[in-house]
Amino acid sequence: MSTGDDHRFMARALQLAERGLYTTDPNPRVGCVLVRDGEVVGEGWHERAGEAHAEIHALAQAGDGARGATAYVTLEPCCHHGRTPPCSEALIAAGVSRVVAAMEDPNPRVAGEGLAQLAAAGISTESGLMADAAAALNPGFVMRMRQGRPWVRCKLAMSLDGRTAMDSGESQWITGPQARQDVHRLRARSSAMLTGIGTVLADDPSLTARPVDTPPAGGWRQPLRVVLDPHLSTPPAARLLTLPGRSVVATCSDEKGVREALERAGADVWVLPGTGDTVDLQALLERLGEEQINEVLLETGATLSGAMLRAGLVDELIIYVAAHLMGDGARGLFHLPGLERMDQRIELDIRDIRAVGADWRITADVRGR
């Protein structure tokens, strides 16, 4: 049975896990606190994929103090050999007496086996303490392990009357500098950014994360850049193909000459199922899952964002709202044809509303996702 101290120490483990927000991909963000006789003797977090896990950092800090300690860890300790040895074996060897995990690992290679291995060694185990908070740190990892696709976060900026651009297409800038900085934090935590060919042709975006905070050790990791381009219309000179990092053009066309030109320009071209003007969006997300992409940030216009929403493939909306009006002729937030009755509405669960500079940021989950 969990106590107040259990909650306090798990809350600290969650704080530590969050330090890996920009660096652990494709691994989950995990924190660990070791406590003996009511005192913290070691703590750590997973800092970067391929390096030591949170438990190993905490055990190294604790040394002999780990014997008889309770380990609070935000995700079930792994029990398989990957790029690093199993954390379950390290905890057993260190002599901990109890392990409290916030949630079981959704990875089928673990999925309860880590806790079972600890219990078989005589260690008391519990799971479920602050599980929702732990899952919220890793929505993409959980989604990929359970459904084979990444978590999709759709970012949009609009005026108070729900407009995203003037009729001419002019949209810079709807929101202020603080909101734009906040977007770069979203980009930096994302595994990939997805946009449509219309945005590439209209704006020639870079789709990069630019530092706005103190960079993590080793610098900023650039997300994978993905362009949804059914007819291979991406110019080989597009800015996003000239920048460091990897760019993908996802298409349902296989025109050899055009494809080779894009590949020479630095793009990976994925030919996916699709018909006519449409790439199969589910197939795209499944391919991204195979590439170990956890979180996708959708940055595009009303057409692609509306298509993703209609297909049930948007999990979370981040909408920045600016305190001005842009008028009837300006462009809307989503292209959602066919919604004619109240019972056809797409319902949202708003999780957070907060000021970001002069603007407001609304965070909402798509209900039923």
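## Second largest pocket

The second largest pocket has a volume of about 1000 Å³. Among the 34 residues lining this pocket, A136, P139, R153, E316 and R351 are the closest to its centre. A pocket here is an open set of points on a 1 Å grid over the protein atoms alone, where a 1.4 Å probe fits, with protein on both sides within 12 Å along at least five of seven lines; lining residues have an atom within 4 Å of a point. The volume is the space filled by probe spheres set on the points, which are joined across faces, edges and corners.

This is a predicted model, in which local features need pLDDT of at least 70 and side-chain atom pairs count only at pLDDT 80 or more, while totals for chains, interfaces and linings use all residues. Residues are numbered from 1 along each chain as its sequence is written, and side-chain values use heavy atoms, with hydrogens and water left out.

Elements that each supply at least two lining residues include α1 (4-18), α6 (139-147), β6 (151-159) and β17 (348-356). The largest share, six residues, comes from α5. Helices (H or I, at least four residues) and strands (E, at least two) are DSSP runs numbered from the N terminus. By class, the lining comprises 16 nonpolar, two polar and 16 charged residues; Asp, Glu, Lys and Arg count as charged, Ala, Val, Leu, Ile, Met, Phe, Trp, Tyr, Cys and Pro as nonpolar, and the others, Gly among them, as polar.

## Nonpolar cores

The largest nonpolar core has 37 residues, of which M10, L34, L59, Y72, L91, V96 and V99 touch the most other members. Its largest share, six residues, is contributed by α1. A second, separate core of 31 residues includes L194, W270, L285 and L288. Such a core joins buried Ala, Val, Leu, Ile, Met, Phe, Trp, Tyr and Cys residues through side-chain atoms within 4.5 Å; buried means under 20% relative accessible area, exposed over 50%, and partly exposed in between (1.4 Å probe, protein chains only).

## Salt bridges

The count comes to 25 salt bridges, each a side-chain nitrogen of Lys or Arg within 4 Å of a carboxyl oxygen of Asp or Glu. R367 pairs with E347, with the closest N and O atoms 2.7 Å apart. R367 lies in the segment after β18 and E347 in the loop between β16 (331-332) and β17, so this pair ties together parts 20 residues apart in sequence. R367 is partly exposed at 45% relative accessibility, as is E347 at 39%.

Salt bridges that share partners also join R29, R153, R189, E295, E316, R351 and D365 into one network.
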